[in-house]
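Student: I'm new to this one. Can you walk me through it?
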2 protein chains.
Amino acid sequence: MPAPESRAEPGPVFAIGGAEEKVGRRTVLSAFVERAGGDQARIAVVPTASSLGAEIVAVYDTVFRALGAAEVAPAAPATRADAQDPALVETLAKATGIFLTGGNQLTLSSVVAGTPFGDAVVAAHRRGVTVGGTSAGASVLSSHMVAFGVGGATPKQRMTQLAAGLGLLDRCVIDQHFSQRNRYGRLLMLVAQSPSLLGVGVDENTAAVVTEGHLLTVLGRGAVTVVDGSAAQSNAATAKRSEPLLVSGATVHSLPAGSVFDLTTRALVHGPDGKDQT
Amino acid sequence: MPAPESRAEPGPVFAIGGAEEKVGRRTVLSAFVERAGGDQARIAVVPTASSLGAEIVAVYDTVFRALGAAEVAPAAPATRADAQDPALVETLAKATGIFLTGGNQLTLSSVVAGTPFGDAVVAAHRRGVTVGGTSAGASVLSSHMVAFGVGGATPKQRMTQLAAGLGLLDRCVIDQHFSQRNRYGRLLMLVAQSPSLLGVGVDENTAAVVTEGHLLTVLGRGAVTVVDGSAAQSNAATAKRSEPLLVSGATVHSLPAGSVFDLTTRALVHGPDGKDQT
């Protein structure tokens, strides 16, 4: 008889592009609470990326409760030692939703990834828990995490770097504040160097919600941009210093709310009105 | 026996993305003077787009002479009546190079396009004269000219508009200050609405030099981004107000200096080192 885990569907993953509405319509956070269980939701807030730990937890506590969550509690490892503390790891055991705040994604990955706490986030996702992150908290969700970097539409050698994220989403790299901070160039650079990764750029107040591990649905005000370098010609292997890169033949998908995209087949499932477009 | 015109090759067209170096290396303007005849060059400067007419002519006069041009003279219609003045039109007759400054491209198109002066620019190009424009002066070179608009990587309905340019370059729309002003979104919007047009975004201090009417060579510091919407699915025909647009499956080419791209076949000819890349 299989263990319960092996029969479970992985939970939805909310990669939020930062600056999601916390008052007013709150489309993105409201959907997160709903998927985490609505009035049954028990949400753990992980503020590790942020330098404003208690303050940011208090904000999400207020917002998630206003949106109907039953319980909200911090789960706040500040060091790699904390992230191995069984009591802290245990705070995730009952959660139906885990939310990673913004801040510095390298703080988050270096404190949490590959620790019992990080493993508990991954295990929770696998057993069906809804996991979301905004800004830095979105970047860390993918296996390959963008870190540092500069803006600009033109891809240039060395304009950004990769580190290892939590890996809830595989074979992709998530970037955030995408349109607002002009991050086309760095995403093109990443997929030119690593065409096996799909670049996923999420606008502010917008979420890429991934279900069944591969179906990306767009939610919120802006768009999600998917950049596919698998057919591109590039000199990314040989370009020197910070030269502009040749990236010829990349495929781009700009997906507004309601669009569904298959990360495995790298193709549009349907557009914002639920139908194929021409 | 054919008229001399019909045997002539059209001259090179320099679409410059604005902010080209006027001191120091001056790669772009130096190439323009060279193609216009070097020490035999007679360059007409058209400052119509600019509100700083005499001042901007004086700057280009200084720079073009420093780069070795034999003669530099203004050709400055300020109104549509001016643009029909035979004496003013005549100033273009001896030019081996015509240079359109930056400013407001709608001023340039509305004063010049479809007048004897505008027709003389087109005729000069067809008989082999080198025609260049920077910023607004680059936009007006194409048949379909981008005008107004907002920045952002995400395409949104109505984020920019088209007007009729001079038409030296056909079947494309040229945008400028491309990376610096984050103009991916508006170029994607344009090619989603008009996939017969190729979107050409030129970075600052960079030129798209088009020879033989269809071969685009990149010159200068940044890159030229070509956006091809011919295979894209889009809801551009039906999206409301300023909604983010679905544009799924557009092809993007980011081309650094030295790259050559064929505007007719919409394919890379070779990369920056003169060879095909992988």
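Tutor: Start with a term: two strands pair if DSSP finds at least two bridges between them. Helices (H or I, at least four residues) and strands (E, at least two) are DSSP runs, numbered from the N terminus.

Student: Where does this model come from, and how are things labelled?
Tutor: It is a predicted model: local features need pLDDT of at least 70, side-chain atom pairs count only at pLDDT 80 or more, and totals for chains, interfaces and linings use all residues. Residues are numbered from 1 along each chain as its sequence is written, and chains are lettered from A and ligands numbered from 1 in the order in which they are written.

Student: OK, pairing. Which strand does strand S2 (residues 42-46) of chain B pair with?

Tutor: S2(B) pairs with strand S4 (residues 97-100) of chain B, in the parallel sense, over four bridges. There, B:Ile43 has B:Gly97 as its bridge partner.

Student: And what does S4(B) join through four bridges, running parallel?
Tutor: Strand S5 of chain B. In S5(B), B:Gly133 stands opposite B:Leu100.

Student: Are the two faces of S4(B) covered or uncovered?
Tutor: Both are covered. B:Gly97 and B:Phe99 are on one side, B:Ile98 and B:Leu100 on the other, and all are buried. Buried means that 20 or more other C-beta atoms lie within 10 Å of the residue's own; exposed means 12 or fewer, partly exposed is in between, and C-beta atoms are placed from the backbone.

Student: What about strand S1 (residues 13-16) of chain B: which residues point which way?
Tutor: B:Val13 and B:Ala15 point one way, B:Phe14 and B:Ile16 the other. All are buried. S1(B) pairs in the parallel sense with strand S5 (residues 130-134) of chain B over four bridges. B:Ile16 stands opposite B:Thr134 there. S1(B) also pairs with strand S10 (residues 206-211) of chain B, in the antiparallel sense, again over four bridges.

Student: Switching to chain A. How many helices and strands?
Tutor: Eight helices and 16 strands. Its radius of gyration is 18 Å, close to the 19 Å that the globule rule gives for 278 residues, so chain A is as compact as a globular protein of that length. That radius is taken over C-alpha atoms, and the rule is 2.2 Å times the number of residues to the power 0.38. Buried residues make up 59% of chain A.

Student: Which residues of H3(A) are buried?
Tutor: A:Val57, A:Tyr60, A:Val63 and A:Phe64. Seen down the helix axis, the buried residues of H3(A) fall within an arc of 135°, so they line one face. The arc is that of the directions from the axis to the C-beta atoms. A:Ala54 and A:Glu55, on the other side, are exposed.

Student: Now the two chains. How many residues does each give to the contact?
Tutor: Chain A gives 38 residues and chain B gives 38 residues. Contact means C-beta atoms, placed from the backbone, within 7 Å. On the side of chain B that touches chain A, the largest share, 10 residues, comes from S14(B).

Student: How many bridges join strand S14 (residues 247-256) of chain A to S14(B)?
Tutor: Seven, and the two strands run antiparallel. A:Val252 stands opposite B:Ala250.

Technical notes. Two residues are in contact if their C-beta atoms, placed from the backbone, lie within 7 Å.
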